[in-house]
Amino acid sequence: MSEFVLWLLWSLVIIAVGLTLAYKRVDLKASTTILGFTLLAYSLFGVGYGLWVLFLWLIFAGIVSLNFVDFRRERITAPLLKLFRAILPSLSDTEREALEAGTVWWDGELFSGCPDWSKLTSMPAPELSDEEQAFLDGPTNELCEMLNDWEITHELADMPEPVWAYIKKHRFFAMIIPKEYGGLEFSGFAVAAVLAKLASRCTVAASTVGVPNSLGPAELLLHYGTQEQKDRYLPGLASGAEIPCFALTAPRAGSDASAIPDTGIVCKGTFGGKKIIGIRLNWDKRYITLAPIATVLGLAFKLYDPDHLIGDKDEYGITAGLIPTSLDGIAIGRRHFPLNTPFQNGPTQGKDVFVPLDCIIGGPERAGQGWKMLVELLAAGRAIVLPANAAGGAKAATYASGAYTRIRSQFNLPICRFEGVGEALARMAGNTYIINAGLSVTTSALARGEKPSVPSAILKYHCTELGRQVSNDAMDVHGGKGIVLGPKNYLGRTYQALPIAITVEGANILTRSLIIFGQGAIRCHPFVLKEIEAATNSDYEQSLRDFDHYLFGHIGYAISNAARSFFLALTHARLSAVPVSGPLARYYQHINRYSAAFAIAADVSMLTLGGELKRRESLSGRLGDVFSSMYLASMVLKHYDNQGRPGADQPLVEWACRTLLYQAQEQLHGFLRNFPNRLVAAGLRLLIFPRGRMYSAPSDELGRQIADLITHPTESRARLCAGIYSTPEPGNPLGLLQTALEATNEASALEEKLRNAVKAGVITTSDPLGKIDMGEHAGVLTAKEARQLRDLDAMVMELIAVDDFDSTELGSKTNRRAAPAKKTTKKKLTTKKKKTARRKA
Ligand SMILES: Cc1cc2nc3c(=O)[nH]c(=O)nc-3n(C[C@H](O)[C@H](O)[C@H](O)COP(=O)(O)OP(=O)(O)OC[C@H]3O[C@@H](n4cnc5c(N)ncnc54)[C@H](O)[C@@H]3O)c2cc1C
């Protein structure tokens, strides 16, 4: 063997040892020892070029020096700390509070580049208590039965009085209120299940019930209220005697809610006949859900104390208060009309409304803590209400579309047989699976005490976006049936309402561009927040010690992620250890790979772009997408486990994981293509895609299998869409479509007989009912079979029918200009005709 080849082999051995130490995250001391022995062996037995060996020993000497902590702190860390302090973007209190809100859960593992799967797989499957299940099967079903979406959205522009009474009586508004105050005290998982069922029936009802059970007076009181405030308000909120709303948004402050101009000035005044120190409030809010009928207004305002009546500060910042809407100076009651989804929503203004100090939630000592309270509560709440609404809507749309495309025929074939339609159906089913999985597993983490703010943002953004995609596809495969509104339309209102979910609780573009990665990068990163905290510590010695510890932890972590990303990409993640075997193990392995790739991409972009990354939203949005894809793919795998790994559902799991991981790859590619420093981008590309982009999207065959699952009455279809209101009864299209699907399935052999008879020339008509008549006449069908097919045809015709109206039924006002004009024309014509007739005579 030539000297050069031996040298090359030894060099490869040294690189392999270094790569393995980094891949396995071996600590600095052990790594130094192992590297030292390897170098020694090379120097003694290897073949080397003198300079090369010297170079290796010099590098090794550098590594050894890092083990001398005092030297390292003084010579390396101290100058770096100085630099870090100088460039560290200053964080406002509101930003800091937002960053620190909630807990870090599975998201932290994905950010680590080396997820510990046992943290996810060991979590038990979520379950409903007997009481929660009884509420779903009882009052929730009954409420669904009472809801008539057309009456609510078109005729009344509100829910009818008996529905309101039922909701209050059965404490739908009190699902999160503890029993001691008269509430139902349900878990987040149960609240989501109730809302999803309502959303499958009527968006107005789901939104109305959702709001008091999410961020609002009850939730704020439970976490921050004084005992007196809890005793005063919670029983009324539980019984429905009090109707809450929460007003944050103002005309000049939407997404930038911390910029609200609404004020509260601490001053002296008279309240209830007594002279007290209180707050004079002025506000102008809009878009507030339930405001038009609210009795208690949760209000966010900025508190000022110019006369220092409660302390020595002039300004306290955003404060949350509870204001009875009956007080003088409050304008409330007018309504907005959100996209034909007429839940109660409207503006409110307050002019010099004087309230006592104890209107502040938590009392005066919580003055200025309003923003903190909101972001803390949103950390959990965003994972429940809107994702549950999206889940209910998506499940209903998929359930309906699977059946509709099977019973609706064109070109003599059920439309689901056309590949184009099948593609849309597969997308609908796969996306519904992803929404379900994300919601179910994340709410089960909430039940275990987690308040994962980044996963909540992921769920809010992706469930509503995927829900929108499902709804779009459902509209497309239904054609005109989805478009013509009326009592027979079960899709149009959900489709109209979708942008509402996209906009509220943090509009989606902002959530994707700023929050998911922006918050994740600091919150879920194992070192960044700790480094910032250490660097901002005013005790210099402690600051240096801590900063040194985290900085070198961070460097080791980055080296390890680079090694892991490269190795896993090179081996297509085949050797990565995962907790399962079988075909799904590959998806776990790919998540491991993308976790490392994402972690190194995130670190390098933070290092090279710094604060600029906050403004490069297209880059941080893409990194957020990669993170979200990994998160959702792991939710899909866990959900499949939770459901007992039913083999029939495997195509759904594969489609979902493939789609998500393909997106992760494409978004990483887009990130690298657009990264401003091309040299750094090239280096990252080498670590992330050394073999190019090898991952592919789901195959057409997989799509066909999924479309087949939801266009037949299979167990997978039932599991995927479980929890919607599908009772087969008049007025419930979901139930009737299922009945028609089952009947179509049962009659498929008879339809086959008819088709064969047509081919044989026994049946010569193309009219569907005529075919049945001829078939019966020719003995192809028995009388019973012919009846079965006629009944099915009637059922199908009823389901594909749409509504029509007299003009006067549609407008809310008479078209006064058009109506008389028509008569005049008619009259003129008549007169003209008469004149002509007379002339002729
Ligand atoms: C039907 C409905 C019900 C509501 N209910 C309530 C309620 O009960 N209580 C309440 O307080 N509020 C409520 N809201 C208000 C809701 O939370 C706001 O609409 C939302 O915060 C967005 O504010 P905006 O509509 O003013 O849009 P804008 O803030 O003007 O945003 C417009 C667009 O710009 C994007 N954008 C803004 N800033 C950024 C950024 N930095 N980076 C990237 N993109 C950005 C947004 O994503 C959005 O796409 C409701 C709104 C609606 C429509």
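Predicted model: local features only at pLDDT ≥ 70, side-chain atom pairs only at ≥ 80, totals over all residues.
Residues are numbered from 1 along each chain as its sequence is written, and side-chain values use heavy atoms, with hydrogens and water left out. Local features need pLDDT of at least 70 and side-chain atom pairs count only at pLDDT 80 or more, while totals for chains, interfaces and linings use all residues.

**Helix packing**

Two packed helices are described by the angle between their axes and the distance between the axes. Here axes are lines fitted to C-alpha atoms, over the stretch in contact for helices, with angles from 0 to 180 degrees between N-to-C directions. Helices (H or I, at least four residues) and strands (E, at least two) are DSSP runs, numbered from the N terminus.

| Helices | Angle | Axis distance |
|---|---|---|
| α27 (650-674) and α29 (700-710) | roughly 130° | within 9 Å |
| α16 (385-407) and α31 (733-746) | about 40° | 9 Å |

α27 and α29 are therefore oblique to each other; angles under 35 degrees count as roughly parallel, over 145 as roughly antiparallel, 65 to 115 as roughly perpendicular and the rest as oblique. Contact means heavy atoms within 4.5 Å. P651, L652, E654 and W655 of α27 touch L702, Q705, I706 and L709 of α29. Six of these contact residues are nonpolar, one is polar and one is charged. In this sorting, Ala, Val, Leu, Ile, Met, Phe, Trp, Tyr, Cys and Pro are nonpolar, Asp, Glu, Lys and Arg are charged, and the others, Gly among them, are polar.

Between α16 and α31, the residues in contact include Y399 and Y404 of α16 and L737 and L741 of α31. This contact has ten nonpolar residues, two polar and one charged.

On a 1 Å grid over the protein atoms alone, a cavity is a set of points where a 1.4 Å probe fits but cannot get out; a pocket is an open set with protein on both sides within 12 Å along at least five of seven lines, and lining residues have an atom within 4 Å of a point. Grid points are joined across faces, edges and corners, and a volume is the space filled by probe spheres set on the points.

The structure has one cavity of 30 Å³ or more. The largest cavity holds about 40 Å³, and its lining has eight nonpolar residues, one polar and no charged. Strand β1 gives the most to this lining, with three residues.

The second largest pocket holds about 910 Å³. Of its 31 lining residues, S409, N412, E751, P768 and K771 lie nearest its centre. The lining divides into 14 nonpolar, eight polar and nine charged residues.
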